[in-house]
Protein chains: 2
Amino acid sequence: MSFSPLLQQLITALRCLPGVGPKSAQRMAFHLLERDQQGALTLAGALEQAIDKIGRCGSCRTLSEVETCEICASTSRDKGMLCVLESPVDLFAVEQTGGFGGYYFVLGGHLSPIDGIGPEDLGIDQLLERLRAGEVRELILATNPTVEGEATAHYIAEQVRDLDIKVSRIAHGVPVGGELEYVDGGTLAHALAGRRSLI
Amino acid sequence: MSFSPLLQQLITALRCLPGVGPKSAQRMAFHLLERDQQGALTLAGALEQAIDKIGRCGSCRTLSEVETCEICASTSRDKGMLCVLESPVDLFAVEQTGGFGGYYFVLGGHLSPIDGIGPEDLGIDQLLERLRAGEVRELILATNPTVEGEATAHYIAEQVRDLDIKVSRIAHGVPVGGELEYVDGGTLAHALAGRRSLI
């Protein structure tokens, strides 16, 4: 026998969530129907509201339900520093460290010719326009340390070459608290090459 | 900084799903907003429809969007066999084995005086009424092999004692494909006590 049509529809719909396979989706569907109908309705409402209201900040392109996000609207940050990230979740990660006081720019992905994602999809024109305005002194490229992230960082660096702006890339190295034994060779090579003198 | 209100609301709402903690909920929210807005809307619709339309079968109490579920509506099954289960998901599990051709009755939980769940919450009156109608020859108690499940099975068996119905309990024993070494003592003791002669 199969599940009833609406139940099957719910199980299928739950699989759009990352990390949710057929068994988890089934468990979630039964849990919601049997034990948390209120939670299910709240979730449905939250999804609809979020999709309807959350757009992108006009200035930094992060997810925001207002035209200019909280960070871009703030006037107490350093206008001279701009950090380029791949996604809004990276912005939250950097912001949570509390170690950066400048502004952000979210690409919303990385260059990927195979998937047809070019500079225009990542708002690189908008980024260059902002850099040409002249307020930014240093551009920090904090795209992911993957092949695509590196390529995107290099592409942006090339575009900025003729402007009088310092361009930097976040450091590669061994993670804090990690053990050398378990660090991959590429990372270790970067950590050695990027060594800093202590005294 | 914190997430914007609607984003935070979505992350909180996603946590009603079983097995979803704060980090997973955050990942799911960003995934839906950045990469699968259509999936999010489909999920919202499926949740609303499921909660609105899926109720309980009037006959066996399993989840069903019609008054009488597919199984109860079927006339080709053995009316003499009735299998009592704790939840609809157990019904699907038993049904998927293809080894049972009778009808089902879903309690929707187990007796739990601490949580205030008594016989009336599990529809035991409805079950007894059905048994008194006289068509059922054998009642198979397939509640979970937990303390509460056993207690519920024993309670039902007591109620049925004065009716002329055979009452059975699913067998406890070693799982097929398991290794004795890893089977817990209680299960092994049950497996020995319930041994069957081969020749």
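**Fold, sheet and aromatic contacts in a predicted model**

From the N terminus on, the elements of chain A follow the order α-α-α-β-β-α-β-α-β-α-β-α-β-α. That amounts to eight helices and six strands. The structure is a predicted model.

The overall dimensions of chain A were examined next. Its C-alpha trace spans about 70 × 45 × 35 Å along the principal axes. The radius of gyration of chain A is 22 Å, whereas a compact globule of 199 residues would have a value near 16 Å. Of the 199 residues in chain A, 42% are buried. Chain A exposes about 10900 Å². Carbon and sulfur atoms supply 53% of that area. Among contacts in chain A with a separation of 6 or more, 48% join residues 24 or more positions apart.

In chain B, an open sheet of four strands was found. Its strand order is β4-β3-β5-β6, and the pairing is parallel. The edges are held by β4 (102-106) and β6 (166-169) of chain B. Each of these two has a single partner strand, so one side of each is left without a neighbour in the sheet. From one strand to the next, the twist averages 25°. Strand β3 of chain B covers residues 78-85. This strand pairs with β4(B) in the parallel sense, over five bridges. B:L85 has B:V106, in β4(B), as its bridge partner.

Helix α6 (residues 124-132) of chain B lies across β3, β4 and β5 (138-141) of chain B. Helix α6 runs at about 155° to β4(B).

Aromatic contacts were searched over the whole structure. Eight aromatic pairs were found over all chains. One of them joins A:F3 and A:F30, with ring centres 5.9 Å apart. The ring planes of A:F3 and A:F30 meet at 65°, and planes over 60 degrees apart count as edge-to-face. The pair is therefore edge-to-face. It links distant parts of the chain, 27 residues apart. A:F3 belongs to the segment before α1 (5-14) of chain A. A:F30 sits in helix α2 (residues 22-35) of chain A. Both A:F3 and A:F30 are buried. The ring contacts also reach into chain B: ring pairs link A:F3, A:F30 and B:F92 into a cluster.

Two further residues of chain A were considered individually. A:S168 is found in strand β6 (residues 166-169) of chain A. The relative accessible area of A:S168 is 18%. Buried means under 20%, so A:S168 counts as buried. Neighbours within four places in sequence were left aside for the contacts of A:S168. On that basis, A:S168 is in contact with A:E138, A:L139, A:I140 and A:L141.

A:L198 lies in the segment after α8 (185-193) of chain A. Its relative accessibility is 85%. Exposed means over 50%, so A:L198 counts as exposed. The position of A:L198 was also compared with that of A:S59. These two residues, A:L198 and A:S59, are 139 residues apart in sequence. In space, A:L198 and A:S59 are 39 Å apart, C-alpha to C-alpha.

Key: Residues numbered from 1 in each chain as written. Chains lettered and ligands numbered in written order. Predicted model: local features only at pLDDT ≥ 70, side-chain atom pairs only at ≥ 80, totals over all residues. Heavy atoms only, no water. Phe/Tyr/Trp six-rings, centres within 6.5 Å; stacked < 30°, edge-to-face > 60°. Buried < 20%, exposed > 50% of the residue type's maximum accessible area, 1.4 Å probe, protein only. Pairing = 2+ DSSP bridges. Axes fitted to C-alpha atoms, helices over the stretch in contact; angles between N-to-C directions. Contact = heavy atoms within 4.5 Å. Rg over C-alpha atoms; globule rule 2.2 N^0.38 Å. Areas by Shrake-Rupley, 256 points an atom, 1.4 Å probe, with all protein chains shown as cover.
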